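Please look through the sequence and the model before reading the points below. They are written for someone new to reading structures.

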Amino acid sequence: MLRELCQKKTRLSDQDIEQLEKLAEQLPRIANLVKADVFIDCPIDDPDALLVVAEAKPRGAKAISNYQGSVVGELAVRINEPAALRTMETGVATRDLKALTQENKKVKQNVEPIKNELGKVIGVLIMERDITADIKKNKQMEILTETTEQLSDLLSLDESEDVIANYINDAIIIFNSQGYAKYANTVAKKLYSDLGYKDQIEGMHFNNLTLGQKQFRELAIDVNSTESFEVSLSDMILKVNYSMMYGKDNVAGLVMLIKDITEVKKKEKKLVLKSVALEEIHHRVKNNLQMIASLLRLQARRVDNQEGRQALIVSINRILSIAVTHDILSQNEINEVYIKSILNKIIENTAAYFLNEHKNIDIKLLGDNFIIDSEKATSIALVVNELLQNALKHAFRDQKNGLIKVKIYHGNNYSNISIIDNGIGFDIQKIKKNRLGFKIVKTIVADKLDGHLDLESSQQGTKIVFDFKNGI
């Protein structure tokens, strides 16, 4: 069929067609290995279309094909399958590009160029996965993403080779229907040699090579049987995938794919250790800050001067606003935190120290919630703490009831926080620019948050807005 189509509708040479025929023999194995529909498309005189000359569907109940019938002999047009045409024209592989099949199903395509001995692109190998369903949850699709990067090597097959396994960088062993290894690539041979095997892998039974619990008979009985697991052997951590191959009526064999993920796991372990260490650091910083605040609180009780005592209380609250950030971060596994988690604690602490029990002042936190890093969280906590303290101390001097709104807005590049009260207001021109609290706020907003501060006030209340640059 392939030869007939190519001779009739393409300008490929007999040698090119013969190369495609050899590759087409491997399509069922590729389809079963990656659990995806696989095609060979060839160029025709129409520059905006390719001809489908071969196809293979994955076998087994868990394998999912996107096609009801055959599409061999049909055209893949540019408007529906841009990845195929792009790779055909450029000779460059294409990854995860959306396409529309001949049966109007939405898929993503991975496309590899097929080149002849002269380096000319004579066709493309296409692997498709459905994106209309949640196929990503299927573990077998992991093999597609893991092996597609290596399939370009497959397309320069030496005539003496007749299996795809030798062109994949992971260890792979192919077993026949009786469970005996009929092929092992060089990576697999080295792996088993490192594990202490002295004999040749070819000819050995699956039961002597398996790295899992199930025997060959158990896997062969269940036509849906697939295995994917991790195992620690020697000083290696391996990810193993078993995938059954099926003929028309029975089991044709089994493919065992083994990926060495030792380095990946080591890096993951390092990240976990760093995360634990960071968590412990935040915990200790929080404890130290709380201890300092406690000492200052004891000192404040011994100060007779009201102004001095008030200054100590303000300092205590500033320290606690920093401690709040470290307290929340010490409970997380990452160095990030939701902004509302921080501000809720700031409002709670500030209200505890500065809210007059004889007045009915309500503080509401409104707006967006998003993640910020620890440094930005500490700076924002200090600014909001200062502004809340100021509002509670001065805005409701002659009022028994009042409302303070803390509003968060998450923008594309910059976000902002507004502190709005309905207090008595003040004359902005008479504000003391050299006051410590005001200087702290301006410095942090400009230097730490890369933002700006805006201030509005009237007899109806005060609104202070500061913004900060997004980014973690």
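1. Five strands make up an open sheet, in the order E13-E15-E16-E18-E17, with mixed pairing. Strands pair here if DSSP finds at least two bridges between them. Strands (E, at least two residues) and helices (H or I, at least four) are DSSP runs, numbered from the N terminus. The edges are held by E13 (360-367) and E17 (453-458); each has a single partner strand, so one side of each lacks a neighbour in the sheet. From one strand to the next, the twist averages 10°.

2. This is a predicted model, in which local features need pLDDT of at least 70 and side-chain atom pairs count only at pLDDT 80 or more, while totals for chains, interfaces and linings use all residues. Residues are numbered from 1 along each chain as its sequence is written, and side-chain values use heavy atoms, with hydrogens and water left out.

3. How do E17 and strand E18 (residues 461-469) run, parallel or antiparallel? They run antiparallel, joined by six bridges. Leu453 has Phe466, in E18, as its bridge partner. In general, strands of a sheet pair through backbone hydrogen bonds.

4. Helix H11 packs on this sheet and touches E13, strand E15 (401-409), strand E16 (414-421) and E18. Contact means heavy atoms within 4.5 Å. The direction of H11 makes about 170° with that of E13. Helix H12 (residues 374-395) lies across E13, E15, E16 and E18, and runs at about 175° to E18. For such angles, axes are lines fitted to C-alpha atoms, for helices over the stretch in contact, and the angles run from 0 to 180 degrees between N-to-C directions.

5. The length of H11 (residues 339-354) can be checked: at 1.5 Å a residue its 16 residues should span 22 Å, and the end C-alpha atoms are 22 Å apart, which agrees. The expected span is 1.5 Å times one less than the number of residues.

6. Which residues of H11 are buried? They are Ile339, Ile342, Leu343, Ile346, Ile347, Thr350, Ala351 and Phe354. Seen down the helix axis, the buried residues of H11 fall within an arc of 155°, so they line one face. The arc is that of the directions from the axis to the C-beta atoms. Buried means under 20% relative accessible area, exposed over 50% and partly exposed in between (1.4 Å probe, protein chains only). Glu348 and Ala352 are exposed on the face of H11 turned away from the buried side.

7. Helix H1 (residues 2-9) has Leu2, Leu5 and Cys6 as its buried residues. Down the axis of H1 these fall within an arc of 95°, so they line one face of the helix. They pack against helix H2 (14-34), strand E1 (37-43) and strand E2 (49-56). The face of H1 turned away from them carries the exposed residues Glu4 and Lys8.

8. The structure holds seven aromatic pairs. Rings of Phe, Tyr and Trp (its six-membered ring) pair if their centres lie within 6.5 Å; planes under 30 degrees apart count as stacked, over 60 as edge-to-face and the rest as tilted. Phe39 and Tyr67 form an edge-to-face pair, 5.1 Å centre to centre with 70° between the planes. Phe39 is in E1 and Tyr67 in the loop between E2 and strand E3 (75-77), 28 residues apart. Both residues, Phe39 and Tyr67, are buried.
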